[in-house]
Amino acid sequence: MINRLIQSVAVLCVVSVHVSQGEIVVTRQRCEYRIDPLGIDDLHPRLSWAIESSTRGAKQTAYQVLASSTQDQLDADQGDLWDSGKVASSRTIHVPYEGEPLGSGEQCFWKVRAWDRDGRPSEWSPAAQWSMGLLDESEWAASYISYRDQTPVFKNRDELFLPPARQYRREFAIEKPIRRAMVYATALGIYELHLNGQQVGDAYFAPGWTDYHQRAYYQTYDVTDLIRSEGNAIGIWVADGWYSGYVGFGLLTGIGTEQIGRYTYGKTPSVMAQIEIEYEDGTRETIGTDKTWRVTGDGPIREADFLMGEYYDATRETPGWTEPGYDDSDWGASILAEENGDPVADFYEYQNPNDPRTGPEKASRPKNLGFQRPKLEAFPGVPVRMTQEIPCQSVTRRSPGRYIFDLGQNFAGTYRLRISGPKGHRVRLRFGEMLHPDGRLMTENLRKARAHDHYICKGDPAGEEFSPRFTFHGFRYVEVSDFPGEPNRDTITGLVLHSDTPGGSAFECSDPTINRLFKNIVWTQRANFIDLPTDCPQRDERMGWTGDAQVYIGSATINADVAAFFTKWLRELMEAQRENGVFPGYAPFPFQHGHDFGSAWCDAGVVCPWTIWQAYGDTRVIEECWAPMTQFMDWRKRTSQGYLGVEHGNPWGDWLSQGEETPLAFIDTAYFAVSTRMMAEMADAIGLHDEAEQYRQLLGNIERAFAERYVLPEGRLSVDTQTAYALAVYARLIPHSQRAALGDRLAQKITSNQNRMSTGFLGTYSLLPALTKTGHHDLATFLLQSHEFPSWGYEIDQGATTIWERWDSYTLEDGFGRHNAAMNSFSHYAFGAVCEWMFQEVAGIRPGKPGYEHIIIQPNPPSPSSNAERPPIHWVRASQESIRGTIASEWRLEDGGFELIVSIPANTTATVVIPTAHAGRITESDMPLNEVEGVRLLRTEPERAFLSVRSGAYRFQAPSSTTSAPEALSTSRSQTLPLAVEAASDTTDAVYQEK
Ligand code: RAM
């Protein structure tokens, strides 16, 4: 077995390119985190690459970037736009472009080479590229166009209003050979672009969700290869989307426009696009949306709504409408979006939400639902794409013509329906995450999201296929009613949709339940990363909840490259800041719901930028968020009392905890400290050392106030809940001298609760790390492996394939109904935030410096006799794609020996901590350490050896320190982790810091 494991990691460690000894290779070129992005509006986009090598300790000592306006010039090594020259630097990420100023639409081809530690240059990297977007609003020669909308403002809360998706088209001729053709497109609504019969790009739901009153994004497409010399046609589908469709819980709660849940930003969708053609003779032509475009609402998509579903009537299809020659004489003329006038509606919100005397009171104000041109920016995020098909596992007949298809996996997205039916025959599709015990689809938890799709057959004897464009559902089961004939498993195939964040992670260990848990976490991340980080993908909510995001973001950065994804959402979050400086409960913030914030939810405005900086070494995100973050901290200082947090905002607290409530003021204090510490660190990172000092002083005051108010002399907290201890450790508010005692009290609280957690969103995220940090790692892994309610294992035993919103979303005793069956998502990532601890403390991979420039590998095997219920984890194999390359850690306890196989990306260094009391007996690939290249013993502790390790692949073996009895072990582990070790050699520059 051990050999197999070694082989598998060895495969993982081998670099993906063929390099000979001593060489380094430049790979993974990115511009603003993306591969060859089109249409960016950053004037100094940041370039990143990675170094790969088969040699240990490979380093970049210098680099050179060449940027050219044509591929030919780049191939000839002529950097007419920029030649950085040889820059002596190990930097491989976020190198800002400093070449010739780039204008709208300009293309830039670039490559890079790097010098190794012996001063030998690498080959040039392959060419990468980016193009600039439209840098000035005046360069939009197009207008927002719409259809003439004569419907009155819908006001009925008992019925739904679901308009058809619109189709816009125009034809154009090309008279000369073209060099390049680009399309820039955006919509107030969501759009899908087609040219000459083909879809342009593969994104769903463009242009993404923003507060359209302030800002919208546009996308850029290269359509050079789609343009024909004979004649061309462009067609654009446009649906309501977030702009005017049903959004969140507006209908449920009666907030927002007319209390009906729709028209959040405006009444009538509109679209704007422009094709820019560059001819070979150097002339240019622009074709933009204007009143000459034709439009229809009579096509097949009769309803298109995120929450309510899609209704497709195939008898109304318009074949050939995105090709030249289509007869659109019965279509209407487009109008300018503003020609729909300024319909006014009542917009309901809570007034005085933060006034403790009145509390929130619902009131309305008039709101203009007419067109307002937003500020336009290039889309900085990651498109939503279909990334995977899920075959159906089984089909069950429920009644004549009604079948339930089980896809075996809960996910977000759509499906492909294959059907043969007579013309005009209609089938209905409903979606559910779970089944009732009697086999019925469970839909109570969709609340006001109707989530019904309909398909009307066109009667094609060869069979028909359908897949929705403008909706998505969170589901595992599909119920099809009125199905003509006998379905089979090919009738329904799941199509997984999510923001297509690159990269990935892997986690496997000796406990199969944990392996399923890891899969569930990743599936839940996908299901909720749909343009922005949402709470859930199924019910009438699906909003960018800040509390959920701030506990989960660390895990997200491990499981994928979410840097561009969060770059986008952080703009929405910063923009959603309330006037008083607080960050709201969700972003965008389409309407106000009760108080507009909650403790710990509001801190997402600091925690999320900090985490992106930590994971990707990104200081620009700090700079961009600095002003709003500072305003937020001013609000925090203003609202605190004697440096302590207070009870304010929505009382979410340790949301969905089990049986124990932690007072809001305590939570607020802990997060005041968390945000303050992060601000101090971020201030230093961007060179604001005075501010950093002020935040450190503030932190000192908070720590003192906390100690005085909450820490009791006998080594307890006056708030004696699991979450209180966990948060105090997370916020590092526990005085060093009290740490062991308070950790023991936390452990005792859990054991006296029959080894069960009582924690909610906040406490669960911090609980297992707190146990590990205070010497109770065995108990932490026990909880991870537990199957007793409430636990991850319990969910998995009930068939969970994603993370549930509540520990008791389903229980054996009470089924779905223990709390509120309507608010009971089976795809909510907050409790999946344990993933961060699984990687950092079980596999032992964490950043030692922002952006994993230095890496800590410190696996913590639980002691072999620590779990009477099931075999404690005794091997783990994990890897993650960092911005500098793949980091892998695989360990195994066997026969009193400990083996650790690691992979450290080139141009980084690591501190590897081996859990052994016998540092002198550590070997690497069977050689004693002092004979091994790239490794140096830094120091030892009673049961740990600290090694300084250069990049490369290693296999360490040592006698294990975890063979002792658990009691003995927990004593030794109750020592706190060291804050720093001596710096390693000049080349490794090791820093070991506690998170
Ligand atoms: C729920 C959301 C979210 C949570 C808030 C407090 O409605 O689903 O998960 O953050 O409430």
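These questions and answers cover the domains, one interface and the backbone of a predicted model.

The model is predicted: local features need pLDDT of at least 70, side-chain atom pairs count only at pLDDT 80 or more, and totals for chains, interfaces and linings use all residues. Residues are numbered from 1 along each chain as its sequence is written, and side-chain values use heavy atoms, with hydrogens and water left out.

Student: Into which domains is the chain divided?
Tutor: Domain bounds come from an automatic or database domain assignment. Two of the domains are given in two segments each: domain 2 (140-305 + 315-378) and domain 4 (505-843 + 965-994). The others are domain 1 (25-131) and domain 3 (384-499).

Student: How many residues of domain 2 are in contact with domain 4?
Tutor: Contact means heavy atoms within 4.5 Å. Domain 4 supplies 23 residues, and domain 2 supplies 26.

Student: What area do domain 2 and domain 4 bury between them?
Tutor: The size of an interface is often given as the accessible area lost when the parts come together. Buried area here uses a 1.4 Å probe and is summed over both parts. Carbon and sulfur atoms carry 58% of it, and the total is about 2,200 Å².

Student: Which residue forms a salt bridge with Arg571?
Tutor: A salt bridge puts a side-chain nitrogen of Lys or Arg within 4 Å of a carboxyl oxygen of Asp or Glu. The rule finds three across the interface of domain 2 and domain 4. For Arg571, the closest N and O atoms are 2.9 Å apart, and the partner is Glu377.

Student: Which element gives the most to the side of domain 2 that touches domain 4?
Tutor: Strands (E, at least two residues) and helices (H or I, at least four) are DSSP runs, numbered from the N terminus. Elements giving two or more residues to that side include helix 4 (250-253) and strand 24 (344-351). The most, three residues, comes from strand 24.

Student: Where is the cis bond that involves Pro207?
Tutor: Most peptide bonds are trans. Pro207 sits in the loop between strand 13 (198-199) and strand 14. With omega near 10°, the cis bond runs from Ala206 to Pro207.

Student: Which residue is joined to Pro790 by a cis peptide bond?
Tutor: Pro790 lies in the loop between helix 15 (777-785) and helix 16 (792-797). Omega is about -10°, and the partner is Phe789.

Student: What is the phi of Arg732?
Tutor: Most residues other than glycine have a negative phi. Arg732 lies in the loop between helix 12 (722-730) and helix 13 (739-752). Its phi is positive, at about 55°.

Terms used:
Buried area = accessible area lost by both parts, 1.4 Å probe.
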